[in-house]
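Colleague: I'm new to this one and would like to learn how to read its sheets and pockets. Could you walk me through it?

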Amino acid sequence: MKKEWLLTIVSTLVTLLIAVVLIRIYVPGLVGAIPGQAVVKLDRKVPAFYESIFRNKDYASKKFLLNDPYTLVRAKPLMPPMQGMGPNDMLGFRNDRIPNVADIVVIGDSQTYGNNAPYKYNFPSLLEVYNADRYSSVYNMSTGGWGAVQYLYIALKARVFRPRVLIVAFYTGNDPLDSFRLVYGSDLWSALRPDKNLSVDMMPKVSYPVPQSEQWSVSFRDGVKTVFTPKLRLYSNQKNKVTRAGYRIMADAAKHIVDVYQSSQTKVIFTIIPTKELVYYFKLQQENLPLNKFYIQLVANEKSNIDYLKSKINLLKTANYIDLVAPLQKIALTRTQLYPADMNGHPTALGYAVIAKTLSTGISKLLPKRKKGLLALRTANNKTSYLFVRDGRYWVFSSKSVVKENGWDINAEIPLLDPRTILSLDNMGYIDR
């Protein structure tokens, strides 16, 4: 008899315990648990956000480029300005801040990052200067060592900034090989392989640093000096399966980027930055300087490759292409030091200015002019707020009567400011008198 009672009690307790557990799981509010406040274990499904952003290992690193599984490399975050590099923001991009929105997002490699020039004189920064009368805040999402695959990957992420204009700058000096290396060296990007019979082992063995015997020093009559490395740049412009695949990857990446922004209001612009060897081609001819065989082959192949990539981009109906080759070649004929006097292939500040001015001519019409003075803002609940806007800043009027007291006719037609734009302006507080 006692055993039967004991068995009944035990079974009842077990049933109650199971019931409480089930209620706690499915109806937590009934037993005092607050929904959504359960402790989350650290695993692959829920990444630790702050541990990734505030990674002390990254900040303490003495390397400029850090490893990354998706982009192969990424730049060190929060790096101060030093010798034509930096500053880098918390994401490792060359900006002094991370905005809520950006009117222009620029993606590229070290040519777009702006090696050689101070931050304010790389071409993305100059785009904002040359379009000061328009909404032209710029966010530079470029890193040295990147290629077309990284441009595509970052273009996907750049959507959060809701850009009016997205500029993607290819570079013929190494993008084909950089793109090939990542696509054929990582299974993450295997879908972008244009030829399944190729492998990363087929890449040419590039000599770097460039041997003295492969450096070609040139002094022009007007005093401009530089050093060419045509054999190095020829590696990314050879007529072989690897290079052709590299350019196909670049063309496919451009198409995918356009597809990503197809349904948005963003205008996609592509451009191609040439090697400095191609930039100085007409100047060398003008002075009848003898050309070595690597240079002659490089110029012929690079022009052909640019024509191929440009033709593929021009087939993309919603994209625009802006040519940089002709403007750079034209300025190169003058007494302008577009590149350093050594073998460095990155432009000087003067070279970046040519790129920025050329791009500005093409994109200025895509950027709305800045509004100023009294503006109206429609809020989510369909109410109207009145703002005074000037020099990238705004003040909010506390009431309609204050607007009138400051001399404006509240019944006149007042220009509207869209909610996206206000995110790019600095809030200076209220006007209450």
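**Sheets and pockets, step by step**

Modeller: Let's start with an open sheet of 4 strands, which has mixed pairing and the order S10-S11-S12-S13. At its edges are strand S10 (373–378) and strand S13 (426–431), each of which pairs on one side only. Strands here are DSSP runs (E, at least two residues), helices are runs of H or I with at least four residues, and both are numbered from the N terminus. Two strands pair if DSSP finds at least two bridges between them.

Before we go on: this is a predicted model, where local features need pLDDT of at least 70 and side-chain atom pairs count only at pLDDT 80 or more, while totals for chains, interfaces and linings use all residues. Residues are numbered from 1 along each chain as its sequence is written, and side-chain values use heavy atoms, with hydrogens and water left out.

Colleague: What joins S10 to strand S11, and how do they run?

Modeller: In general, strands of a sheet pair through backbone hydrogen bonds, either parallel or antiparallel. Here S10 and strand S11 (residues 384–390) run antiparallel, joined by 6 bridges.

Colleague: Which strands form a hairpin?

Modeller: S6 and S7 do, with 5 residues between them, and Gly-223 in the turn has a positive phi of about 100°. Strand S6 (residues 216–219) and strand S7 (residues 225–228) run antiparallel and share 4 bridges. Trp-216 has Phe-228 in S7 as its bridge partner.

Colleague: Now the pockets. How much space lies in the largest pocket?

Modeller: Rolling a probe the size of a water molecule over the atoms shows where empty space is left. A pocket is an open set of points on a 1 Å grid over the protein atoms alone, where a 1.4 Å probe fits, with protein on both sides within 12 Å along at least five of seven lines; lining residues have an atom within 4 Å of a point. The largest pocket holds about 1000 Å³, the volume being the space filled by probe spheres set on the points, which are joined across faces, edges and corners. Its lining has 30 residues, with Ile-53, Asp-68, Arg-74, Leu-91 and Tyr-153 nearest the centre. H6 gives the most to that lining, 4 residues.

Colleague: What is the volume of the second largest pocket?

Modeller: About 710 Å³. Of its 26 lining residues, Asn-174, Asp-178, Tyr-208, Leu-232 and Arg-233 are closest to the centre. H7 supplies the largest share of this lining, 3 residues.
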